[in-house]
Amino acid sequence: MGLASYYRASAAAAPTHPLLSGTREAAVCIVGAGFAGLNTALGLAERGQRDVVLLEADTVAHGASGRNGGFVFGGFSRGEDALLAELGPVAARRLYQGTQDAVDLIRTRIARHQIDCQATDAGVLWANWFRDPAPLRARQALLAEHFGTSWDWVSREQLAEQVTTRRYSEALFERNALHFNPLDYAHGLARVAGGLGVALHEGSPAIALDRAGQGWRVRTPQGEVLAKQVVLACGGYLAGLRREVDAGVLPIATYVMVTEPLGARLDEVIRTRAAIYDTRFAFDYYRPLPDSRILWGGRISVLDRSPEAVKRLLLRDLLKVYPQLEGIGIDFAWSGLMSYARHQMPQVGRVDEGLWLAQAFGGHGVAPTTFAGEVLAAAIAEDDPRWREFGRYGLVSALKPAGFLGAQLSYWWYQARDAWKDRREGRAA
Ligand SMILES: Cc1cc2nc3c(=O)[nH]c(=O)nc-3n(C[C@H](O)[C@H](O)[C@H](O)COP(=O)(O)OP(=O)(O)OC[C@H]3O[C@@H](n4cnc5c(N)ncnc54)[C@H](O)[C@@H]3O)c2cc1C
């Protein structure tokens, strides 16, 4: 089996959507059919605004949305402690709650529209890589006190019953979380939005964006959309339409691999059906798949590596945690681009009259893109002002190309700090 995306290889034949050709008028044109664009389109259609064109340069969820780890949980890339310090308790809690509501909305959409995406509603474990339990206690208390969220304490003994590794101490368990096949879910969203009247065009990159009367003209190689409102939702796969929009994010790569089916060996190492990540800055994230494989992700880099290189790196990481799996085969490995703003929060809102933006969801985007889709759909269809809650986290320059160097250096710095903590605790990094 060639190394490629497990999600692509296992997807049911996805419906194709025609190229845009000729001139088309619409109330709203959305650029980018990742989760940000799809959720905005569906949110608009659900609010009665069905005159929507969704343009995708490649195929639905070609970017991060169709390649990610499949963790669906609350919060943002920016930590809750930073949100609290920057926004104060009321505004921080409202934003955080938006992502929790999004997790519920994802569950509801899967059930209501019978989206077959291997959803496993078994929560997420945040496992302590280090011996000191204080950071877990502190986060648990902060979430309970300021965010109305309770994460359960999982003792070392309880964790040992769920995973056979000496790497972790205790863990926190986030119950309101699930994991799923994100590409199948994206195809489901596209089907539902299409059924409500959204016109989706694949292979239709937006190549120019200009003012046209009261609205905008979005050109593609074979056509154009004249729309009153435009939403840019291109993530790390920069659209190249507005300089300040592309300049606001750094595309950063992260990697995923999928093992061969492990059969009974899976239960020898992972007995929980929860998804798992750990407390390091450069954490591993992984989950058991229904066909007894392990999907394993990790690392971030400014480099987009080859599948062979991804496999080598991630297999080494997996064997550090589960050395008893030495010798297993890896069937798939791939990478994807996340988009990060300097402030590590999504950029959601209006950037010009009738021009909207949803990008910079970083490595924590499934629920936040769902939240952003709701916020933007409500803004456009109902003039709802909630998008202003993201106002503090605007379009600041990501300082490219120095920003790439800065991002890589700070990653290495945090990685080195984690390795140093490991050595201090008497373990090999
Ligand atoms: C490997 C990996 C693992 C991750 N794991 C998780 C996880 O487990 N949980 C989680 O919550 N988050 C995770 N994330 C983050 C999450 O996937 C992203 O934050 C989220 O999918 C971003 O969605 P998006 O719609 O903004 O961008 P994308 O999904 O990247 O979509 C952007 C789309 O825009 C299209 N596009 C670009 N330019 C144009 C143009 N000019 N015209 C038309 N279309 C255009 C692209 O082709 C692409 O399809 C992960 C990300 C990666 C890469």
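Two residues are in contact if their C-beta atoms, placed from the backbone, lie within 7 Å. The legends below use that term for a predicted model.

**View 1. Ala341 sits in a loop and is buried.** Ala341 is found in the loop between strand E16 and strand E17 (347-352). Its burial follows from a count: a residue is buried if 20 or more other C-beta atoms lie within 10 Å of its own. Ala341 has 24 such neighbours, so it counts as buried. Setting aside neighbours within four places in sequence, Ala341 is in contact with Gly248, Val249, Gln347, Ala360, Tyr393, Val396 and Ala398. Leu125 is 216 residues away from Ala341 along the chain, and their C-alpha atoms are separated by 27 Å.

**View 2. Ala360 is a loop residue with a positive phi.** Ala360 lies in the loop between strand E18 (355-359) and helix H10. Its phi is near 70 degrees, a positive value in a residue other than glycine. Is Ala360 buried or exposed? Ala360 is buried, with 31 other C-beta atoms within 10 Å.

**View 3. Ala61 also has a positive phi.** The phi of Ala61 is near 60 degrees, and Ala61 is not a glycine. This residue lies in the loop between strand E2 (52-55) and strand E3 (71-72). Around Ala61 there are 28 other C-beta atoms within 10 Å, so Ala61 is buried.

**View 4. Val72 belongs to strand E3.** Val72 has its place in strand E3. It is buried, with 27 other C-beta atoms within 10 Å. Leaving aside neighbours within four places in sequence, Val72 is in contact with Val103, Ile106, Ala177, Leu178, His179, Phe180, Val366 and Ala367. Ala102 is 30 residues from Val72 in sequence, and the two are 9.2 Å apart in space, C-alpha to C-alpha.

**View 5. Helix H10 is mostly covered.** H10 has 17 residues, and 14 of them are buried. From its first C-alpha to its last, H10 reaches 24 Å, close to the 24 Å expected at 1.5 Å a residue. Asp383 follows H10, and its phi is positive, near 60 degrees.

**View 6. The largest nonpolar core has 127 residues.** In soluble globular proteins, nonpolar side chains tend to be buried together. Which residues have the most contacts inside this core? They are Cys29 and Val31. H10 gives the most to this core, with nine residues. Val31 is in contact with Leu55, Ala206, Val218, Val230, Val231, Leu232, Ala233, Cys234 and Ala239, leaving aside its neighbours within four places in sequence.

**View 7. The ligand is surrounded by 42 residues.** The closest are Gly34, Gly63, Gly69, Gly235 and Gly365. Four elements each supply at least two residues of the shell: helix H2 (35-46), strand E12 (250-259), strand E16 (330-340) and helix H10 (366-382). How many residues of the shell are charged? Three are charged, while 19 are nonpolar and 20 are polar.

**View 8. Helix H4 has a buried side.** H4 covers residues 134-147, which makes 14 residues. It reaches 19 Å from its first C-alpha to its last, close to the 20 Å expected at 1.5 Å a residue. Leu136, Leu143 and Phe147 are buried in H4. They cover an arc of only 65 degrees around the axis, so they are on the same side of H4. Helix H3 (80-112) and strand E6 (171-174) are among what covers these buried residues. The face turned away from the buried side carries the exposed residues Ala134, Ala138, Ala141, Ala144 and Glu145. Just after H4 comes Gly148, with a positive phi of about 60 degrees.

View 9. Ala13 is found in the loop between helix H1 (6-10) and strand E1 (22-31). Ala13 and Phe332 are 319 residues apart in sequence and 19 Å apart in space, C-alpha to C-alpha. Gln158 has its place in helix H5 (residues 156-162). The C-alpha atoms of Gln158 and Ala9 are separated by 36 Å, and the two residues are 149 residues apart along the chain.

Notes:
Residues numbered from 1 in each chain as written. Predicted model: local features only at pLDDT ≥ 70, side-chain atom pairs only at ≥ 80, totals over all residues. Expected span 1.5 Å × (residues − 1). Buried ≥ 20, exposed ≤ 12 C-beta atoms within 10 Å, placed from the backbone. Arc of directions from axis to C-beta. Near = placed C-beta within 6 Å. Nonpolar A, V, L, I, M, F, W, Y, C, P; charged D, E, K, R; others polar. Core = buried A, V, L, I, M, F, W, Y, C linked by C-beta atoms within 7 Å.
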